[in-house]
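This briefing looks at aromatic rings and the charged groups beside them. Please view the sequence and the structure first.

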Amino acid sequence: MSTTITLPPDYGYVILTTFSTFIISMWHGQRTSSFRKAAKIPYPTPYASVEVAAKDDAAYAFNCAQRAHANFDENYAPVLAAILISGIRYPFASSVLGAFWAVNRVVYAVGYRRKNWGRNGNGRLYGYVAHTLAQLALYGMTAWTGWSMLG
């Protein structure tokens with residue numbers, strides 16, 4: 001048994017949303033590199049030590065940027081797949097949720113390193129809650145898209 005997939009005309013929104021995540025991925029890399037340079041953390045050292053970060057604001061900022069980037073990478077592939085797959089059946093909803101996820105990944109990253117919120121990373125919480133809700137909705141839509149294809 002074979003299935004023919006006809007992409008809806010609105011699937012272009014899905015592709016553009018996916019493209020926006022490429023820009024955010026590059027932004028994360030550039031941002032982390034600039035914090036690494038400011039902290040004078042040499043490659044390939046992944047993080048400043050706890051002792052160094054406790055005394056050095058630049059090293060602490062680098063650790064926050066690096067962790068936000070790593071968290072983005074940990075979630076990126078499954079969300080990208082969910083946007084593309086759920087977009088087959090729900091192109092507009094997939095695009096809106098994907099864009100909401102992408103914007104809140106930036107909120108997460110910027111908030112993670114906000115010094116005025118303390119050294120505990122609490123600035124990331126709004127972005128975390130928002131992107132997680134979008135991510136779960138995309139996963140649900142992906143599952144329903146697959147289920148509905150079973151006929």
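The points below cover aromatic pairs, a cluster and charges over rings.

The model is a predicted one. Across the whole structure, a search finds 5 aromatic pairs. One of them joins F19 and F22, and another joins Y108 and Y112.

**F19 and F22**
- The pair formed by F19 and F22 is edge-to-face, at 6.1 Å centre to centre and with 80° between the planes.
- Helix α1 (residues 11–39) holds both F19 and F22, which are 3 residues apart, or about one turn of the helix.
- F19 counts as partly exposed because its relative accessibility is 46%, a value between the 20% and 50% cut-offs.
- F22 is also partly exposed, with 39% relative accessible area.

**Y108 and Y112**
- The ring centres of Y108 and Y112 lie 5.7 Å apart with the planes at 85°, so this pair is edge-to-face; the label requires planes over 60 degrees apart.
- Y108 and Y112 are separated by about one helical turn because they are 4 residues apart in helix α4 (residues 91–112).
- Both Y108 and Y112 are buried.

**Charges over these tyrosine rings**
- R105 places its charged end over the ring of Y108, 4.8 Å from the ring centre.
- Over the ring of Y112 sits the charged end of R124, 5.0 Å from the centre of that ring.

**Aromatic cluster**
- One aromatic cluster is made up of F72, Y76 and W101.

Notes:
Residues numbered from 1 in each chain as written. Predicted model: local features only at pLDDT ≥ 70, side-chain atom pairs only at ≥ 80, totals over all residues. Heavy atoms only, no water. Phe/Tyr/Trp six-rings, centres within 6.5 Å; stacked < 30°, edge-to-face > 60°. Helix = DSSP H or I, 4+ residues; strand = E, 2+ residues; numbered from the N terminus. Buried < 20%, exposed > 50% of the residue type's maximum accessible area, 1.4 Å probe, protein only. Lys NZ or Arg CZ within 6 Å of the ring centre and 35° of its normal.
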